[in-house]
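Dear colleague,

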Amino acid sequence: MANSSTTTTAGLQGAAAPAFSFGSFDYICSQVSLPVCPLVGSIQGGVEPLCYSRNIQLGSGGTLVFEPGTLAIQIVALAMTAIMIYSIKSKYTAVGRKEIVTFFYMYAITTIVEFLLISNIIPTYTVAYQYMTAVYVGLLLATLWTLLFNGFVGFQWMDDGTPLSLWSLRLSALLIFLLSFAVSILTFKNIGPFSSSSPFALFVVYFVFGGAFILLYVVLQIILVVNTLDDRWPIGDLLFGFSFFVIGQVFEWVLSVRICDTAKHYVDGLFFGILSSLLAVMMVYKFWDSITKEDLEFAVGGRANVWEVKDPLLGGDVEEIDAAGRRF
């Protein structure tokens, strides 16, 4: 990103933060270093945060690596995602297994692309950075759409795991990706009505559509639990996840500069924002796991089924016989 050193630089550094304006990235980028920030804003060359995490240099005269603390959290996020994917794939007969695992794959890919962008592995001054940032925005919106799609799966509007369900998910996510990518790259390159200095369309796609997908998912899942389950505890998992997401936005948009100053530039709000996002994603898994019951009769390695048998010769007494024929 544009924050290539820990010293005060030109731009907004050392100045008061601009006021928030709907459709403008200036305020948000003055608080936290998002991947899009070097490419948009009223200042040519992008808007820098007022305070950001210090960088590290690899070797003598080597490459500068930005946001090292945040990168560590992203590595942890990838490891945790791998564990969750393995757990989901081991539940062979769980409802919506293939659909929800697609969300976690998308989250992992988005995290990898974000890692490449915020670390300076892809320098901000290159053309590749523009295209990879557009890919990142497309992946982010497609991931959130995949989450929303999973919100409909529990209503059984189509059979889960079928080609119809999976291809509906894939094609709709591809459409969201292409539209978001197009808006992003047209904005970065100032093509047609799109402008990097007034990125209104990109703002709507990035924040409004993304936020709407998350909010609709939460509402749909609350309706699902209330109408179909006797247990209300899964709503707690859902609300915890949504709370983590909101807290992450507060860390990034409101508290980032204060955190950065207090921590002496070792971390900033992006560190806690991505950590909160990871916790939110983990609660998505916890919620799905809590409302999903696997059919143990067909599960591999599952606990033996216990059957209840009534013997008419014993006057209706009940015996319990397990799958191995043992009585108890």
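Helix α6 (residues 200-228) packs against helix α9 (residues 269-291) at an angle of about 20°, and their axes lie 12 Å apart. α6 is therefore roughly parallel to α9 (angles under 35 degrees count as such, and those over 145 as roughly antiparallel). On the α6 side the contact (heavy atoms within 4.5 Å) involves Tyr-217, Gln-221, Leu-224 and Val-225, and on the α9 side Val-284, Phe-287 and Ile-291.

This is a predicted model, in which local features need pLDDT of at least 70 and side-chain atom pairs count only at pLDDT 80 or more, while totals for chains, interfaces and linings use all residues. Residues are numbered from 1 along each chain as its sequence is written, and side-chain values use heavy atoms, leaving out hydrogens and water.

α9 also packs with α3, at an angle of about 170° and with the axes 11 Å apart; the two helices are therefore roughly antiparallel. Among the residues that meet are Phe-103, Phe-104 and Tyr-107 in α3 and Val-281, Val-284 and Trp-288 in α9.

Not counting residues up to four places away in sequence, Tyr-206 touches Phe-25, Leu-34, Val-36, Tyr-136, Val-137, Leu-140 and Leu-141.

Yours sincerely

Key: Axes fitted to C-alpha atoms, helices over the stretch in contact; angles between N-to-C directions. Helix = DSSP H or I, 4+ residues; strand = E, 2+ residues; numbered from the N terminus. Parallel < 35°, antiparallel > 145°, perpendicular 65-115°, else oblique.
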